[in-house]
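Here are my notes on the model, written as numbered points to read alongside the structure.

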Amino acid sequence: MSTVITNIATLVTNDPSLGDGPLGLIRDAAVVIDGDRVAWTGDSRKAPATDNRVDVGGRAVIPGFVDSHSHLLFAGDRTEEFNARMSGRGYTAGGIRTTVAATRAASDEDLERNLTHYLGEALRQGTTTFETKSGYGLTVEDEARALRIAARHTDEVTYLGAHIVSPDHADDPAAYVALVTGEMLDACAPYARWIDVFCEKGAFDGDQARAILTAGKARGLHPRVHANQLTYGPGVQLAVELDAASADHCTHLTDADVAALASGNTVATLLPGAEFSTRAEWPDARRLLDAGVTVALSTDCNPGSSFTSSVPFCIALAVRDMGMTPDEAVWSATAGGAAALRREDIGRLTVGARADLTLLDAPSHVHLAYRPGVPLVTGVWRRGVREV
C-alpha cells in the first residue's frame with residue numbers, strides 16, 4: 001500500500017539536491033511511502049496518486065532520529081549516585097560496577113523487559129534506529145546473553161566486554177583483556193556487528209584498547225571507541241588509526257585529535273546527556289564542525305552518566321551549550337547518526353531510503369531547540385508503518 005503524507009510545512013530530507021541548505025528543506029511538501037521505503041518527495045501540489053492520504057496540517061516532518069550510542073541492557077538504577085553527584089561528588093568510571101552487580105542478578109526476562117521499556121520510550125520521542133551495547137555483565141555468559149537479547153530488537157548491536165575491567169579480575173587486568181579477546185569474544189561475536197572499548201584512565205589504556213579492537217576486527221566486528229571523555233588520551237587517535245566508525249564523547253581533544261578526525265572516516269559522536277548529568281565540560285562541537293569533522297549526536301542512554309532516551313533533549317543541549325546551530329544539531333541526530341553506523345538507508349528522506357519519519361507538532365525542526373522539554377513528537381513512522 002502506498003501513502004502520501006501531505007500538507008507538510010517544512011520537510012527535512014538531508015539531501016541538498018532536493019531543497020534548501022544542507023538539510024535539503026522543502027516547504028509545503030509531501031512524502032510518498034510505498035511499503036517500507038520512501039518513493040517520492042517534493043512539492044505537495046505535485047504528489048502522485050496513492051492508496052492512502054495523511055494530512056499533517058502544516059506540521060514539520062524530519063527523518064527518524066538515529067541514536068548511535070546507548071547502553072540499554074542493564075538492571076537497576078543509580079539514583080543514589082546521581083543524587084550524591086549533584087550534591088558535589090565527582091563522577092568516575094567506577095560507578096559502572098553497581099550496574100554490573102544488578103545486571104548479573106537479573107533474569108533474561110527482566111533484562112528484555114527493561115530494554116523494550118526504554119526502546120518504547122525512545123520511539124515515542126522520534127527515535128527509529130538505535131544502537132545498543134553489552135558491558136554490564138563482564139562475564140562470558142552475561143555478555144553473550146545481553147547481546148543475544150539485544151539482537152532480537154536491533155541490527156546495531158555492540159560488544160562492549162571492555163567497558164571496565166571486571167571486578168572478578170581487578171588484580172589482573174591482563175587476564176581480563178585475554179578473556180575479552182578470547183573466550184568472551186568467541187561467545188559474543190555471533191550476535192554483534194560492532195566492538196567497542198572504553199579507552200580511558202580507570203578503564204583501558206591505549207595498548208589494551210588496540211589489542212581488544214584488533215581482535216574484534218579479526219572476528220569481523222567493526223570498531224567503535226569510547227574516546228577522550230574524562231581526560232585527554234589516545235582514544236581518538238586509535239579510533240582513526242583503526243578506521244573506527246565512531247569516536248564517542250570527544251570531550252577532551254588536542255589539535256592533533258581534531259586534525260585526525262577531519263582527515264579520516266571516523267565520526268565524532270557527541271553525547272551531551274553525559275555532560276549534563278555529570279556537570280562536566282561540554283564537547284566543543286563548533287571546533288569540530290569548523291574543522292570539517294562529521295559529527296553525530298546521540299543520547300548515551302545509560303543508568304549512570306546519561307539516563308535520558310530523548311534525542312530532542314540532546315539537540316537542545318547541543319544548540320545551547322555546544323555551539324551547534326539548530327540545522328547542524330538536527331542533521332547530526334539523523335544523518336550524522338546514520339554515518340556513525342555507516343548506514344545510507346536511514347537518517348534521510350530520499351527515494352529508496354527506509355521510510356522512517358518523525359512528525360513534529362510544530363511548523364519547523366528549529367522548534368526542537370527553540371522549545372526544549374516540550375513533547376513535540378506527535379507521530380512516528382518506522383519502516384513505513386505508523387507506530388506513534
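1. What packs against the fourth helix? The buried residues of α4 are covered by parts that include α2 (96–105), α3 (108–124), β7 (132–133), β8 (157–162), α5 and α6 (183–188). Helices here are DSSP runs (H or I, at least four residues), strands are runs of E of at least two, and both are numbered from the N terminus. Before going further, please note that this is a predicted model, in which local features need pLDDT of at least 70 and side-chain atom pairs count only at pLDDT 80 or more, while totals for chains, interfaces and linings use all residues. Residues are numbered from 1 along each chain as its sequence is written, and side-chain values use heavy atoms, leaving out hydrogens and water.

2. How much of α4 is buried? Nine of the eleven residues of α4 are buried, so the helix is mostly covered; buried means under 20% relative accessible area, exposed over 50%, and partly exposed in between (1.4 Å probe, protein chains only). The buried set is Val140, Asp142, Glu143, Ala144, Arg145, Ala146, Leu147, Ile149 and Ala150.

3. Asp142 deserves a look of its own. This residue is found in helix α4 and, at 13% relative accessibility, counts as buried. Leaving aside neighbours within four places in sequence, Asp142 is in contact (heavy atoms within 4.5 Å) with Arg104 and Gly137. Asp142 and Cys188 are 46 residues apart in sequence, with 9.8 Å from C-alpha to C-alpha.

4. Now for the nonpolar interior. A nonpolar core is a set of buried Ala, Val, Leu, Ile, Met, Phe, Trp, Tyr and Cys residues joined through side-chain atoms within 4.5 Å. The largest one has 84 residues, and those with the most contacts inside it are Tyr159, Phe204, Leu288, Leu297 and Ile315. Helix α4 (residues 140–150) gives the largest share of this core, six residues. With neighbours within four places in sequence left aside, Leu288 is in contact with Leu253, Val258, Leu261, Ala268, Leu270, Val293 and Val295. Apart from this core lies another, of 15 residues, among them Ala29, Val38, Leu357 and Leu359.

5. How many aromatic pairs are there? A search of the whole structure finds six. Rings of Phe, Tyr and Trp (its six-membered ring) pair if their centres lie within 6.5 Å; planes under 30 degrees apart count as stacked, over 60 as edge-to-face and the rest as tilted. Tyr176 and Phe204 make a stacked pair, because their ring centres are 6.4 Å apart and their planes are at 25°. Tyr176 lies in helix α5 (residues 173–181) and Phe204 in the loop between β9 (194–199) and α7 (206–218), so the pair ties together parts 28 residues apart in sequence. Tyr176 is buried at 0% relative accessibility, and Phe204 is buried with a relative accessible area of 1%.

6. Phe276 and Phe313 form an edge-to-face pair, because their planes are at 90° with the ring centres 5.0 Å apart. Phe276 belongs to helix α10 (residues 272–278) and Phe313 to helix α12 (residues 311–321), so this pair ties together parts 37 residues apart in sequence. Phe276 is partly exposed at 45% relative accessible area, and Phe313 is partly exposed at 27%. Elsewhere, ring pairs link Phe74, Tyr118, Tyr136 and Phe307 into a cluster.

7. Two residues have backbone angles to check. Most residues other than glycine have a negative phi. Asn14, which is not a glycine, has a positive phi of about 60°; Asn14 sits in the loop between β1 (2–11) and β2 (26–34) and is buried, with a relative accessible area of 4%. Asp243 also has a positive phi, near 55°. Its place is in the loop between α8 (235–241) and β11 (246–249), and Asp243 is partly exposed at 28% relative accessible area.

8. Where is Ser68? Ser68 is in the loop between β5 (65–67) and α1 (79–85), and it is buried, with a relative accessible area of 0%. Leaving aside neighbours within four places in sequence, the contacts of Ser68 include Glu131, Arg224, Asp248 and Thr269.
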